[in-house]
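Hi,

Here is the structure I promised to pass on to you. Have a look at it first, and then read on for what I found in it.

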Amino acid sequence: MKFAVVGSGTMGHGIAEVLAIYGHQVKLIDISWDILNRAKQRMEESIRKFYEKGTVKEDPSVILSRIEMSTSYDVAKDIDFAIEAVPEILDLKRKVFQSLDEIAPKEAILATNTSSIPISEIAEFTSRKDKVIGMHFFNPPQIMKLVEVIPSKYTSEDTANKTVELARSLGKVPVKLRIEVPGFIGNRIFLRLMQEACREVESGEASIEEVDSCARNKIGLPMGIFELSDYVGLDIDVDLWENIVKRGTSDVPCKLFKEKVARKELGVKSGKGFYEYPGNKYLKVKLPATSKVDPARLLSLAVNEAAWLVENNIVKPSEVDDVMKYGYNFPKGLLEIADELGIDNILRNLEDIYNKGYSAYKPQDLLVKMVKEGKVGKKSGEGFYKYA
């Protein structure tokens, strides 16, 4: 297949690299040769490392020969599939999709790697709304297995199926949403983790270090929640937060993140966020070995969000769990962990926080019903999953 990838930043050049490794011809498009040459250098370094480790068998120069770079959209005139990976600015995406729509063959699929902008809004920039879809890779695309596939209200079944098959053919784990929702799956749940972590600290229930110690040492997550937020970039976190909330998702009052951004303490990339990173390089944060934080409380809002997604038939429990395992490196799926902690414990924490005046914590009907029916997880033999 022939591809165009528009935008050669971290995500764009990573996606182009994956496509080329799997034998596809790629046209990588950006606004300047300086940017493209930097992308080429990064791709060369990355493919060379894969080759030295033996994960890629083909000579790196052969793989790179499949990537043609250009500052013009004209190279997209004979493609089968395009993936846009430019910054999260709607006006910028409008220009990209209008240009691709004009130049690419009418049967070509146009995908966006957006993490927060509704696909339907992007589809409306084109004359092929049925062929526009979300294809959200996780960072870095060369390594992370997850791809969220998001059909808009216009996307045809054929376009969705082809995109799922493409992701699978690239060695990825595709999770397809049945209905488009703001923030998709991963970002909605990540937002809920940040919000509860923030609420616990701002309300004086726990310190930042205690929250992260619980996440890492009790739940077994690879990073604490504040640590992961630093790693992603606090400006990106706040942008994601605001994008999802302004499109109708309930908010949890919290100033911690915005105050950090206002002080230009953006996390790893600025050398300081919730923790300090000398030389702007990520180092695993040292955390206390013990924590008073209850894992069922820390995960309660995220599990409630996952229950909402399941209840509204957007994804199945196993798909929620695939997102968290393959997109966020969770050792187990979020709902598997919820079953282990006990759905009754999750519900008790939600009710407690909801009664303190936090409306976002109103328990989902699904969780209430599960507890009423005695489906409280592993200890009862059934929760989100059945146990022998």
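Before anything else, please keep in mind that this is a predicted model.

Let me start with the second largest pocket. Its volume is about 360 Å³, and the lining divides into three nonpolar, five polar and four charged residues. Helix 1 (10–21) and helix 2 (33–53) each supply at least two residues of that lining. Helix 2 gives the most, with six residues. If you want to select the lining in your viewer, take Thr10, His13, Arg42, Glu45, Ser46, Lys49, Phe50, Lys53, Asn139, Pro140, Gln142 and Ile143.

The peptide bond from Asn139 to Pro140 is cis, with omega near -5°. Pro140 sits in the loop between strand 6 (132–137) and strand 7 (146–151). Another backbone detail is at Phe184, where phi is near 60°, a positive value in a residue other than glycine. Phe184 belongs to the loop between strand 8 (173–176) and helix 7. As a reminder of why I mention these two spots, most residues other than glycine have a negative phi, and most peptide bonds are trans.

That brings me to helix 7 and its packing. How is it arranged against helix 13? Helix 7 (residues 186–202) and helix 13 (residues 300–311) pack at an angle of about 150°, with their axes 8 Å apart. The two helices are therefore roughly antiparallel to each other, and helix 7 passes helix 13 in a right-handed crossing. On the helix 7 side, the contact involves Arg188, Ile189, Arg192, Leu193, Gln195 and Glu196, which meet Leu301, Ala302, Glu305, Ala306, Trp308 and Leu309 of helix 13. By class, this contact has seven nonpolar, one polar and four charged residues.

Helix 7 also packs with helix 9 (residues 225–232), at an angle of about 125° and with the axes 10 Å apart. That angle makes helix 7 oblique to helix 9. Here the crossing is left-handed. Helix 7 contributes Phe190, Leu193, Met194, Ala197, Cys198 and Val201 to the contact, and helix 9 contributes Ile225, Phe226, Leu228, Ser229 and Val232. These residues divide into 10 nonpolar, one polar and no charged.

Note on methods: Residues numbered from 1 in each chain as written. Predicted model: local features only at pLDDT ≥ 70, side-chain atom pairs only at ≥ 80, totals over all residues. Heavy atoms only, no water. 1 Å grid on protein atoms, 1.4 Å probe; cavity = no way out; pocket = protein on both sides within 12 Å on 5 of 7 lines; lining within 4 Å. Points joined across faces, edges and corners; volume = space filled by probe spheres on them. Helix = DSSP H or I, 4+ residues; strand = E, 2+ residues; numbered from the N terminus. Nonpolar A, V, L, I, M, F, W, Y, C, P; charged D, E, K, R; others polar. Axes fitted to C-alpha atoms, helices over the stretch in contact; angles between N-to-C directions. Parallel < 35°, antiparallel > 145°, perpendicular 65-115°, else oblique. Left-handed = near helix turned anticlockwise from the far one by under 90°. Contact = heavy atoms within 4.5 Å.
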